[in-house]
Each structure stands twice: as structure tokens, then as C-alpha cells.
Amino acid sequence: MNIYVIAVGQRLPRWIGEGYQEYARRLPQQCSLQLVEIAPARRGKSGHYTQWQQDEGRRLLAAVPPNSTVLACDERGQSWSTEEVARRLQIWMNEGQDVVLLIGGPDGLAPLCLERAAGLWSLSSLTLPHGLVRVILAEQIYRAFSLLNHHPYHRAS
């Protein structure tokens, strides 16, 4: 099973890539985490954020592998505990189906991405920088995997 993080944004600060890779490399092949970066829409003086958002949305969805379960990261989504992430990860691994986590750009995800998604996952009610969301997702997937495998990384009370 592969988990794809498909995100708008390229040329982010080095610490974002390093943070993401720190957790992604810890995961075994049976639960690999793969990043697919989509170039942001060209923003100029003409145009409107909905146009840019739609352009990015089409390109995000074009990068989704066939037969994948798609989840959108959106602050209006459901908030999951670590245990819930682990429970869902176990289901995904049992089903063997690839999972895609979509991260929008500065204007958020296009409505067509939200409609395509099987669910919306809120990492926080705070507005988070899109690059940081990559790091948080990678860490939470690794934490969930650690919990399922009784690894000491996750020390719950």
C-alpha cells in the first residue's frame, strides 16, 4: 500500500523537505509515503483566486493514481485522534488500496477536489502553512504506524 501526499507547492524551505523525509523514510515499504508536488498556479495582477484554485485542483486530481481512496486535508473536515489515524491506517493496509492525501495551495482546495474526496481530514482548527501540513501528515502517519506496531515512538498515557 502506498500513501500519496499530493500537494500544491514547490521550492519550499529546505527544513520542510527534511522534516517530511525524516518521517517518510522511517516507514516500511508496506506502508510507503510518497510526495507528489504540483506547481502552484501562476498568480498575477489579472485573474482571480477561484481560477487559480480550479487550475491547481485539476492538476492535483490528474496526479491521483487510479483506484485510490482520496482524502482532502481541510480545516472544515473531521478531526482525528492519533488512535483514529492508526485505526484508519490499519484498515487501509488491510485493504491494500492506495490512499491519497490532498493538500491545496494558498487559496485552499478547489471544490472539485473536495467533491472527489471520500472524506475531509482536519489536522487542526488553526490555519497551518501548507508546507508544514506535509510534515505534520508524515509525522502522524509514522506515529500511527508506530502505535499499530507497539513501537516506543508513540508513548500514550
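Student: Let's start with the rings. How many aromatic pairs does the structure hold?
Tutor: Good place to begin! Two rings pair if their centres lie within 6.5 Å. In this predicted model, the number of aromatic pairs is four.

Student: Is the pair formed by Tyr 23 and Tyr 153 stacked or edge-to-face?
Tutor: Look at the angle between the two ring planes, which is 65° for Tyr 23 and Tyr 153, with 6.4 Å from centre to centre. Planes over 60 degrees apart count as edge-to-face. The pair of Tyr 23 and Tyr 153 is therefore edge-to-face.

Student: Is Tyr 23 buried or exposed?
Tutor: Its relative accessible area is 18%. Buried means under 20%. So Tyr 23 counts as buried.

Student: What kind of pair do Trp 80 and Trp 121 form?
Tutor: Their ring centres are 4.5 Å apart, and the angle between the planes is 20°. Planes under 30 degrees apart fall in the stacked class. The pair of Trp 80 and Trp 121 is therefore stacked.

Student: Which strand holds Trp 121, and where is its partner Trp 80?
Tutor: Trp 80 is in the loop between strand S3 (69-79) and helix H3 (82-95). The two residues are 41 residues apart, so here "distant" refers to parts of the chain. Both Trp 80 and Trp 121 are buried. The strand that holds Trp 121 is S5.

Student: Which ring does the charged end of Arg 26 sit over?
Tutor: Start from Arg 26 in the loop between H1 and strand S2 (32-38). Its charged end is 5.2 Å from the centre of the ring in question. Arg 26 is also in contact with Tyr 142 and Tyr 153, leaving aside neighbours within four places in sequence. The ring under the charged end belongs to Tyr 142.

Student: Why does Arg 26 count as partly exposed?
Tutor: Buried means under 20% relative accessible area and exposed means over 50%, with partly exposed in between. Arg 26 falls in the middle class because its relative accessibility is 32%.

Student: Let's move to the largest pocket. Which element gives the largest share of its lining?
Tutor: The largest pocket has a volume of about 360 Å³. The elements that give two or more residues to its lining are S3, S5 and H5. The largest share is four residues, and that share comes from S3.

Student: How many nonpolar residues are in the lining of the largest pocket?
Tutor: The lining has 20 residues, and among those closest to the centre are Cys 73 and Asp 74. By class, seven of the lining residues are polar and four are charged. The nonpolar residues number nine.

Student: Is Asp 74 buried or exposed?
Tutor: Asp 74 lies in strand S3. It touches Leu 114, Trp 121 and Ser 122, not counting residues up to four places away in sequence. Its relative accessibility is 6%, and since buried means under 20%, Asp 74 is buried.

Student: Which residues does Gln 140 touch, not counting residues up to four places away in sequence?
Tutor: Gln 140 lies in helix H5. At 18% relative accessibility, Gln 140 counts as buried. The residues touched by Gln 140 are Thr 82 and Val 85.

Student: What is the phi of Arg 11?
Tutor: Find Arg 11 in the loop between strand S1 (2-8) and H1. Arg 11 is exposed, with a relative accessible area of 82%. Although Arg 11 is not a glycine, its phi is positive, at about 55°.

Student: Is Asn 67 buried or exposed?
Tutor: Asn 67 lies in the loop between helix H2 (49-62) and S3, and has a positive phi of about 60°. Its relative accessibility is 68%, and exposed means over 50%, so Asn 67 is exposed.

Methods:
Residues are numbered from 1 along each chain as its sequence is written. This is a predicted model: local features need pLDDT of at least 70, side-chain atom pairs count only at pLDDT 80 or more; totals for chains, interfaces and linings use all residues. Side-chain values use heavy atoms; hydrogens and water are left out. Rings of Phe, Tyr and Trp (its six-membered ring) pair if their centres lie within 6.5 Å; planes under 30 degrees apart count as stacked, over 60 as edge-to-face and the rest as tilted. Buried means under 20% relative accessible area, exposed over 50%, partly exposed in between (1.4 Å probe, protein chains only). A charge sits over a ring if NZ of Lys or CZ of Arg is within 6 Å of the ring centre and within 35 degrees of the ring normal. On a 1 Å grid over the protein atoms alone, a cavity is a set of points where a 1.4 Å probe fits but cannot get out, and a pocket is an open set with protein on both sides within 12 Å along at least five of seven lines; lining residues have an atom within 4 Å of a point. Grid points are joined across faces, edges and corners, and a volume is the space filled by probe spheres set on the points. Ala, Val, Leu, Ile, Met, Phe, Trp, Tyr, Cys and Pro count as nonpolar, Asp, Glu, Lys and Arg as charged, and the others, Gly among them, as polar. Contact means heavy atoms within 4.5 Å.
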